[in-house]
Amino acid sequence: KEKMIFNKERVGLASLCTEGSSISCSRIEIRTVNESQHIKVDAVTHSYPSTTISCIEKSAQLMEDFLELAKENTKKDLETCGILGASLKKNRFYVTTLIIPKQECTSSSCQASNEEEVFTIQNEHSLFPVGWIHTHPTQSCFMSSVDLHTHYSYQVMVPEAFAIVMAPTDSSRFLLLFTSLLSYGIFRLTEPGGMTVLKECQEEGFHPHEETSDGSSIYEHCNNVYKNSNLRFEIFDLR
């Protein structure tokens, strides 16, 4: 089994990423033990969205419910992913659906399968695919190169698309429980910088990315996603 070793300068801060935070995460170096391969994970900074996009509201309970659904996989050090569907009203997105697709999971990746089942639900409920959510059961909170490519496919369709990364076993999560902070981050690719880099990248698996032409980060924290305690959502677990 391939094991990932992290050499972190300030990566501990990455696990504290929350909506409205002002934390920046340093570049992380990953070494794959089996292949002795060094991989650079791109840095993320907290800033205003790099382009004008619509606001998105999600249920305050969505992430906790997702962690409960992912609990068995988390115990086995396996990632879990879900797809977020939203309705659009008056230029504002409302996340009303969490779809857990059939999936192939490892400790560092998660690939949805039987995607036609997901498309059927989206079509029947007139949903926009505004993003996705997944766990890092053995790692901290950041977007890997594989995550960035996955997210590109969402954001190229819906510019507002966002990715939620949750690190349920990150030790900093338990240190912060009494302050009601969770170890998670809500991210998007920068535009045009990050989107251009991902569009032109043909690599697969874990790999380094080119720098953006304007020197900006490849991805950033979202400032357009808000919690709504009154927003209800439906769960479709297709596994």
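Hi everyone, let's start in a loop: Asn91 sits in the one between β6 (81–89) and β7. The strand names come from DSSP runs numbered from the N terminus, where a strand (E) has at least two residues and a helix (H or I) at least four. Before going on, a word on what we are looking at. This is a predicted model, in which local features need pLDDT of at least 70 and side-chain atom pairs count only at pLDDT 80 or more, while totals for chains, interfaces and linings use all residues. Residues are numbered from 1 along each chain as its sequence is written, and side-chain values use heavy atoms, with hydrogens and water left out.

Back to Asn91. Its phi is near 65°, which is positive, and the residue is not a glycine. Most residues other than glycine have a negative phi. Asn91 counts as exposed, at 56% relative accessibility. For these words, buried is under 20% relative accessible area, exposed is over 50%, and partly exposed is in between, using a 1.4 Å probe and protein chains only.

Asn114 also has a positive phi, near 50°. You will find Asn114 in the loop between β9 (110–112) and α3 (115–124), and with a relative accessible area of 34% it is partly exposed.

Now, salt bridges. The rule here is a side-chain nitrogen of Lys or Arg within 4 Å of a carboxyl oxygen of Asp or Glu. How many salt bridges does that rule give? The count comes to 7.

One of them joins Arg92 and Glu57, whose closest N and O atoms are 2.6 Å apart. Arg92 belongs to strand β7 (residues 92–100) and Glu57 to strand β5 (residues 55–59), so this pair ties together parts 35 residues apart in sequence. Arg92 is partly exposed, at 26% relative accessibility, whereas Glu57 is buried, with a relative accessible area of 12%.

Another salt bridge runs between Lys71 and Glu68, with 2.9 Å between the closest N and O atoms. Lys71 is partly exposed at 34%, and Glu68 is partly exposed at 48%.

Then there is Arg188 with Glu220, where the closest N and O atoms are 3.2 Å apart. Arg188 is in strand β12 (residues 184–189) and Glu220 in strand β13 (residues 219–221), so the pair links distant parts of the chain, 32 residues apart. Are these two residues buried or exposed? Both Arg188 and Glu220 are buried. Glu191 joins in too: Arg188, Glu191 and Glu220 are linked in a network of salt bridges.

Stay with Glu191 for a moment. The peptide bond joining Glu191 and Pro192 is cis, with omega about 5°. Most peptide bonds are trans. Pro192 lies in the loop between β12 and α6 (193–200).

That brings us to strand β12 itself. Why is β12 described as largely enclosed by the rest of the structure? Because 6 of its 6 residues are buried. Tyr184, Ile186 and Arg188 point one way from the strand, and Gly185, Phe187 and Leu189 point the other way.

Which strands does β12 pair with? Pairing here means DSSP finds at least two bridges between two strands. With strand β11 (residues 162–166), β12 pairs in the antiparallel sense over 4 bridges, and Ile164 has Ile186 in β12 as its bridge partner. With β13, β12 also runs antiparallel, joined by 3 bridges, and there Phe187 has His221 as its bridge partner.
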